[in-house]
Each structure stands twice: as C-alpha cells, then as structure tokens.
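The following paragraphs go through an interface between two chains, and then one residue away from that topic. Please look at the structure first.

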There are 2 protein chains.
Amino acid sequence: MKIKATLLTIGDEILIGQIVDTNSAFIAKQLNTIGIEVEEIISVQDEMNHIVEAFQRGISKSNIVIVTGGLGPTKDDKTKAALCQFLNCELVQEPKVLENIIQLFQTRGYAKELNSLNQDQGLIPEKSTFIQNKYGTAPCLWTTVNDKIIINLPGVPFEMKGLIRDEIIPRLQNQFQSETIVHRDILVSGIPESDLALLVEEWENNLPEFIHLAYLPNRTSIDLRFSAFGTNKEFLQNEIQYQINKFKLIAGEFLISENSGSAQQVLGDILREKRLTISTAESCTGGNIASLITSVSGSSAYYFGTIVSYDTSVKVNLLNVSQSDIDEFTVVSEQVAKQMAKGVRNQLKTDISISTTGVAGPNKGEDGKEVGTVWISITNGNITLNKKYFYPYLDREDFTKIVSNNALNLAIQFVREEC
Amino acid sequence: MKIKATLLTIGDEILIGQIVDTNSAFIAKQLNTIGIEVEEIISVQDEMNHIVEAFQRGISKSNIVIVTGGLGPTKDDKTKAALCQFLNCELVQEPKVLENIIQLFQTRGYAKELNSLNQDQGLIPEKSTFIQNKYGTAPCLWTTVNDKIIINLPGVPFEMKGLIRDEIIPRLQNQFQSETIVHRDILVSGIPESDLALLVEEWENNLPEFIHLAYLPNRTSIDLRFSAFGTNKEFLQNEIQYQINKFKLIAGEFLISENSGSAQQVLGDILREKRLTISTAESCTGGNIASLITSVSGSSAYYFGTIVSYDTSVKVNLLNVSQSDIDEFTVVSEQVAKQMAKGVRNQLKTDISISTTGVAGPNKGEDGKEVGTVWISITNGNITLNKKYFYPYLDREDFTKIVSNNALNLAIQFVREEC
C-alpha cells in the first residue's frame, strides 16, 4: 500500500519570503527513506482559518499530515488552538511537558519560575498525545483522526530534525507497512536536454511502469533521476541498474557519472580513491567552494583549506601573485587565476589546487571588468587547466553558486583525466 | 484593496526533498515590495491532476497565481498540458517563441536545427499570452481568467528571477493599485521569548490593528517583526518607528539592534562606519563565515579574506599556531583559537580578525574532543575575546550555520564595544 503524506508549514516568515522553507525538504527526504511519498507541501500564514483549512485539506488527501511551526509561547503562535478547533476539543494541562520545560531551563542556566506563557506550553489538545521534545520547550503532538495521523512539530530546524530522526521515523515505520521508494541520479553532459530526450525516446517509452524518469537540467549538465516504487528494495535497485546499462548503450558517450551525488561528494570520492589532497584559493566565490567541500563529512581527509583573497593585497602577499601582472592584466585574468592556484598549492602543500577570480557584481570590478566574467584555474604542479566563463545575468547569490559548481565539476574532470 | 497571491511550485524534485524551494521566498519578497500578500505556497508533483487541482485552488483563493516549473521540453514537464486542461483550450504554435529559441541556441554556439521537442516549446495555450524569456527556452505565460491572473514561469532560478524583476513586477504594479506592506525587524537578546512577551504584553495588545507583530526566536536572540498594511508607506514606516520607541521605554535594555538585517549586514554596516577592516581564520566553519560576509554586496571594502585551516599543518605553517600548544591543549582549545585569530590578523593585515575551531561531527575530532565543542576568538591586536560553545545535538549543516552566526554576532558586539 502506498502511504502518502502532506507537509504543512505554518508561519508568516515563509510567506513574506523572509526565510526559505528548508524543513520540508528534510522531512520529505526522511519520509522517502521509509517509502512514504510526499504528495503536497503547503505553507500558510499564522491565521486560524487558514491553518484549520489546511489541516482539513491534508487529512482528506493523505494518510499522514506533518505540521511544523506555530507551537511557541507567543500570541502569533496559533497552531494548537487551530488543532483544537479542527478536532473539536479543548486544551488540557500535561504535567510531564512542564517538567521537561523546567528541566530545559535548568540546563540552560535560567532556573527561573515558569511564567504564565510557559505554563501554557504545557497545554495540549485532549485528543492528542505528546512526544517529549528534549531539544526545546514545545512538545511534539501526535493525533489520530480515524485511520490517519496529524503530527505537529516545532519549526526550529534542529528541534524538528532531532524529533523526526529519533521519534517520528521509527514510529511511522512501525505503524505502516509501506512500499519502498528508490531514487538514483545519473549525470549527463554535452547534449541539450531535448536532443537527449529524442535520442533515448524509445528506451524511455519502454521503461517499466514502476520506474519514473525525470530530467533535471543544470546550466552545464543534466541530472537524470530514476524513481522506482515497489516492495523489494534490492529488486528495484537492480532494475534501475539494468535500465542504466541499456541507457549506456544508447547515450553512454554523454554519461559523466553513474551516481550523481553533489559535485563536492563526487570530487571527495575520487580524491579519496586516488589518495590526493586539495586546496583552494577563492576570490569571487568568497569561501563558498570551501564551504561546499567541507559540508561533506570526512572531507578533512583530503581537504587542507582555502585562502580567500578578497583583497588584492592578500593575492600578492599570501598567494605570491605578481603585482605587475595584476597591473597589466587585472585581477580577473588567466594570469592571476594561474598564479593563485600555484600560490595556494605551494602554501598549503597539497597535490591539487583550485582558484577562482571574477566579478560577482552588482557593480563593476575595480578594474572595470564586466560583471559576470570569471576565470577558474586548476593545477597539480605539472599541468594547469584554465577556463573562462561569462555570466552577465546572474545575481550575486546565483553567480557564486554556479561558479562554485563549475569549479568543482572542472576539478572532477581534471582529477579523472590528469591525475 | 488587498491583492493576494498563491505561489505554486511544480516538480517532483521538491517533493522528494532533493532540492529546497528557494524560488518561492524570492517571489514572495518581490511581491511584498509592491504590496501583494502571499496567502499560500503549494508544491505539487509533476502529475496532471494535481497540477490542475492546484490551479483551481489558487484561482479560487487569490487574485494572482504564480506558477514555477514544468515548462521544459521533456516528458516529465506537464504544466502546459495541465493549463490547457484547466482553461479548456488547445495549444497553438507561437512563432516568436521559436525565434527566441533559435537565437538562444546560436548565442550558446549550438546553431543546430530545432528538433521536435524544441518545436513543442513554441506551443502555448490559445487562451494565454506569452512574455519572451531572454534567459532560456521556455516562455513565460500570462493568462487572464475572469478578473484573475495565472502567470507561468520556468523553474530555473536565474531565468525565473530575471523574468520576475524585468517583466512580472512592473506589469503587476501597473495593473493593480495595491495596498502597501512595510516589514521591519528589530533584534532582542538576553530574555526568554515568553518573559519578553509578558513584559511587553500591554504594549502589544494596544498595537494598532494594521500592525502585526511576530516573534522569531533564534538560539541566542529573538527577531521581532513588525508588518504594517495600508496605503501610505511613509505613514506606516512612521507608525512602526513610533511603536518601536514605545517598546524601547519598556524593554530597551534587551534591544540589540533597531534594524535587524542579517548579522553579516549589521557587521558590514558597523565596520564601514568605523572604517575598520576584518579577516577570518576558519576551521570547523569551513569557509562559511567568509561566504556569509562576502554575500553582502560591497563587502570588499572591509573584508580582506580568510584562511580556512582545515588541516592542522595549515594552522601551524600559515597561521603560526604553536605545535606544542596543539599537542598540549588540542586544536579545539582557547589557546589555538587565540593564536589563529592573531595569525590571520598578522598575515592579512586587518584591524580585526575572527577565528573558529571546533568539532562539527558526526565523528569525534582527531583529539577525541566531543562533537559540538567550539571556540571562537576575536581580536583587534590589543583586546582578545574568547568564547566557548557546546552544541552536541546539531547536524553538520546546522552546527556550521549556528557557529557562523554566533561568530558574526560576537564580532558585532566586539566592534561596538571595543573598537
């Protein structure tokens, strides 16, 4: 039986664009690991009627509704009242929740009397049960509505994540004998999306019904995602592999990776395999490449560090870039990118190094270079690969993201072919 | 008249948690600047029935439905077909869209014949008009349904952003005489959320009806957000300031900032004002602090760069941390944090420097230090501030985020008080 979930996020901060809803992606991923499919994600304001209506919608469509947010002690937190209205019941005091709050305050060194708003945090709908939240003051609520479940979690990411991992996933897994979902991505490059789709059309049309294919185009490559639904995980994994083997016979020349994780993961895997170390010298990407590489657990085995040379003096003093080359070619040039890569490799004593230098905008660089110009350089001491890109339309955030991703992909290619 | 919008995101990748929906936050923010309120955000799968039903829901609740995703050339893109079904009309060929595609391919150096899938990208619902997309092959669709509007945009962030900014916002502003929305955040610290709410209870109860207050608690502080709705922007801004002045009389001692932007923005503003420069030496935050600081446009005026010393050799060789102190106290210690801050300040020649060293996990550090321990150090050459934190429950991503944010907040405090 396919078990379906609706995710419901409550909070004005999402609807005015102040924060990005990262909770839903986390929960969706966790549910997928136990075969539960997310059918819809809804975000609504802190408004009673909107919340009640969203409960109604979720419960009518899905087996499980997971709700985050609106459980705090202040006036703008309305989720518990909305849940009572939806369930047609009252709030009742739950002493164990209060004990938890007192204990949390003691750990945090407050040791204060509970005020009336803290007391209210001990109230839960009488039709709900609670799960203790060791990460914060708002309890998790678990409510059965006929054969369906509403789960309320605090919106604070680290509290939500802890509860999902420790409590919710094990309980759901226990309660539902769900189907299995297997996802796998492969990475394709060097062919436009539409040409690829035509090339593999017959193969795609003949995919078994339980395998769903999606095209996720990036700027320089395409992720092909296989999703398979069934009861036997191993069978599904094998079926996907079988289809990938057939795909390779048709379009193998465009296949970059049979396991497209993020670029930083793929790069990490190759570096580990080849026992190589790497360092970075970043200008326009401002530390974002370092941030991506170190987001991979265990990266300290191959990543030594970065020098972000945002100021020109750092390029000259720390990376040994020639001042006269900067004067002649500007900081955004092949010459400077090369010397940055060489400089950081020498300073940090690694096998390989990557450098970036460019103008992220919104204003022109100090040398009048056009916004969007960037040079990436990669070296292993013997061979150096230099590449120029031009992204005039991107805002600062996207520019940094895309350049960082290009640098990592270029490094993958370089390590594969030259090291 | 209040104009309301529903945002609809289409794509399995969001519902399986593969990507985080950042488009909605961007669009919501842009709509808010012209007084349009986002009432609901929905994400649905690439399934005809789901998409058609979501169109129906959006149009029944809001004046405007903005849809992203599902406009690509491949089989998994179903938005145009769903729109036709919802509008009860056919697809017709629009030659100008094809011309745009041909031109784009030429710019990208493909210069290829349009294949049948590209041809299909020139099809638009006969009840829709189109807006040329100079950033990509999928056109933007604009459909009037009675007195309401459905707008379809590509899901690729930089294409969507360009179209929203260049085309959609100006057109909506032209068409709707909307109310104005003013948001302002202030930052409060040193008091639990519930105590603050009780302290300012009377003031909060007496806020005018057009001002809405929200509490957004972080780990070490609380953002208080004022949202005001009306017709006269200046009046609303003044009213919020008037209320903040009243708030200061009651809870002024806890007020950290009257304009809480992000910590990196606030730090940048103070550094500029005091004409100071800053550098960072990062270990456990892996370049994330650099990334945050450089995300602020114009940061090159005060930020010189970072040395990410992920490997111990970099701490010793580049930051001049004493090897014997590392042996005696481990890399996660007050001594090492201090020397890292001192080292990077000397190397990069800045007025102030920040350092971080800690164990992000999931595995214990090389020295057996507990996961979650972190030292932050800030120095201006004369005075050094060192602080220890312990976050045992956080995953790698949250740990990095929270430590980076603490470091920036500590730097704000340091620069305010000591420089």
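Contact, meaning heavy atoms within 4.5 Å, links 99 residues of chain A with 98 residues of chain B. The model is predicted: local features need pLDDT of at least 70, side-chain atom pairs count only at pLDDT 80 or more, and totals for chains, interfaces and linings use all residues. Residues are numbered from 1 along each chain as its sequence is written, chains are lettered from A and ligands numbered from 1 in the order written, and side-chain values use heavy atoms, without hydrogens and water.

The size of an interface is often given as the accessible area lost when the parts come together. Chain A and chain B bury about 8000 Å² between them, with 54% of it on carbon and sulfur atoms; this is the accessible area (1.4 Å probe) lost on being put together, summed over both.

Eight salt bridges cross the interface of chain A and chain B, each a side-chain nitrogen of Lys or Arg within 4 Å of a carboxyl oxygen of Asp or Glu. One of them joins R57(A) to E53(B), at 3.1 Å from N to O. Strand β2 (residues 36–44) of chain A gives the largest share of the side of chain A that touches chain B, eight residues; strands are DSSP runs of E, at least two residues, and helices runs of H or I, at least four, numbered from the N terminus.

β2(A) runs antiparallel to strand β2 (residues 36–44) of chain B, with five bridges between them; strands pair if DSSP finds at least two bridges. In this arrangement S43(A) stands opposite I41(B).

T400(A) lies in helix α16 (residues 396–418) of chain A. T400(A) counts as buried because its relative accessibility is 15%, under the limit of 20% (1.4 Å probe, protein chains only; exposed is over 50%, partly exposed in between). Leaving out residues up to four places away in sequence, T400(A) touches C284(A), T285(A) and N288(A).

Definitions and conventions. Buried area = accessible area lost by both parts, 1.4 Å probe.
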